[in-house]
Amino acid sequence: MHRPRWIPADVDLDRPNPARILDYFLGGAHNFAVDRAAAKKAVQAMPEVANGMRASRSFLRRAVTCLVAAGVDQFLDLGSGIPTVGNVHEIAHRINPGARVVYVDNEPIAVAHSRTILGHNPLVAPVRADLRHPDSVLNLPQVREMIDFSRPVGLIAIAVLHYLPDADDPHGLVEAYRNALAPGSYMAISHATVDFVPDDQLGAVSQVEGIYRQISAQLHPRPYGEVAKFFTGLELIDPGVVPVRQWRSEWNDQNEGKVHLSYGGVARKP
């Protein structure tokens, strides 16, 4: 296929990319045929996957809106993917045009997309870094230039921590970021779960996990207790850690036929 000039030479365009698959599910234009094919395989295995990803993105919108209304004007988005179709800066700038956002991702394709989409927006900075190294991320010059850690920060980790195995100690990583935040900061997290998946659909979940393993993005769904643990030491705001569709939702998402696939929560550092 034709290679756009902005894509790094070491990126394999014949292999699906998780960030571009998500972009496809959200109705974006920054994806290729190989990504759409992988997305369709996932939906064939488990039709609720598409709705689940859209529900997580809707949670992001409500969470960021809540934080901006609370006075937060600077955000650090970990594992941000492609900043398109209602991402943090778009949501925040509708309320506070001066809000600053740093997008952090380790995928070269996601960072390349980000730099192309965002151009020279002085209030937004995409950086390539591995969230598994908090000290490195927090001390990047671009991060320090954009974010004043002596003031409240909105730390965003939406649909990313479930890509980290227990061996990476995701709870310890979140604690390291949490410790770097000033009092009055907030943290918003969503995380995949199979708590609500009926037993007869667990095989479909395994098929979806297999699709992601093929693109080097193994999923690690976690139960409620493990997700709630990410908020240790923080003050959860209502309604606490709940399925993302139920977090301050403006519509009734508890109708029949829908399977909750992720938890979400927002908490304040005292």
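This is a predicted model: local features need pLDDT of at least 70, side-chain atom pairs count only at pLDDT 80 or more; totals for chains, interfaces and linings use all residues.

Biologist: How much space lies in the largest pocket?

Modeller: About 1,100 Å³ of space lies in the largest pocket, and its lining is made up of 46 residues.

Biologist: Which of those lining residues lie nearest the centre?

Modeller: Nearest the centre of the largest pocket are Ala159, Val160, His162, Tyr163 and Leu219.

Biologist: And which helices and strands supply at least two residues of the lining?

Modeller: Helices H1 (18-25), H3 (48-69) and H9 (202-213) each do so, as do strands E2 (100-105) and E4 (154-158). Helix H3 gives the largest share of the lining, with 6 residues.

Biologist: How do the residues of that lining divide into nonpolar, polar and charged?

Modeller: The lining of the largest pocket has 26 nonpolar residues, 12 polar ones and 8 charged ones.

Biologist: Changing topic to helix H4, which of its residues are buried?

Modeller: Helix H4 covers residues 88-95, and its buried residues are Val88, His89, Ile91, Ala92 and His93. What covers these buried residues of H4 includes helices H3 and H5 (108-118), together with strands E1 (74-78), E2, E3 (124-128) and E4.

Biologist: Now salt bridges, how many does the count come to?

Modeller: The count comes to 7 salt bridges. One of the salt bridges is formed by Arg151 with Asp73, where the closest N and O atoms are 2.7 Å apart. Arg151 lies in the loop between helix H7 (141-146) and E4, while Asp73 lies in the loop between H3 and E1, so the pair ties together parts that are 78 residues apart in sequence.

Biologist: Are those two partners buried or partly exposed?

Modeller: Arg151 is partly exposed, with a relative accessible area of 33%, and Asp73 is also partly exposed, with a relative accessible area of 22%.

Biologist: What about Arg132, which residue does it form a salt bridge with?

Modeller: Arg132 forms a salt bridge with Asp168, and the closest N and O atoms of that pair are 3.6 Å apart. Because Arg132 sits in the loop between E3 and helix H6 (134-138) and Asp168 in the loop between E4 and helix H8 (170-180), the pair ties together parts that are 36 residues apart in sequence. Arg132 counts as partly exposed at 36% relative accessibility, and Asp168 counts as partly exposed at 24%.

Biologist: And where do Arg222 and Asp166 lie in the chain?

Modeller: The side chains of Arg222 and Asp166 meet in a salt bridge, at 2.9 Å from N to O. The pair links distant parts of the chain, with Arg222 in the loop between H9 and H10 and Asp166 in the loop between E4 and H8, 56 residues apart.

Biologist: Is each of these two buried or exposed?

Modeller: Arg222 counts as buried, at 4% relative accessibility, whereas Asp166 is exposed, with a relative accessible area of 60%.

Notes:
Residues are numbered from 1 along each chain as its sequence is written. Side-chain values use heavy atoms; hydrogens and water are left out. On a 1 Å grid over the protein atoms alone, a cavity is a set of points where a 1.4 Å probe fits but cannot get out, and a pocket is an open set with protein on both sides within 12 Å along at least five of seven lines; lining residues have an atom within 4 Å of a point. Grid points are joined across faces, edges and corners, and a volume is the space filled by probe spheres set on the points. Helices (H or I, at least four residues) and strands (E, at least two) are DSSP runs, numbered from the N terminus. Ala, Val, Leu, Ile, Met, Phe, Trp, Tyr, Cys and Pro count as nonpolar, Asp, Glu, Lys and Arg as charged, and the others, Gly among them, as polar. Buried means under 20% relative accessible area, exposed over 50%, partly exposed in between (1.4 Å probe, protein chains only). Contact means heavy atoms within 4.5 Å. A salt bridge is a side-chain nitrogen of Lys or Arg within 4 Å of a carboxyl oxygen of Asp or Glu.
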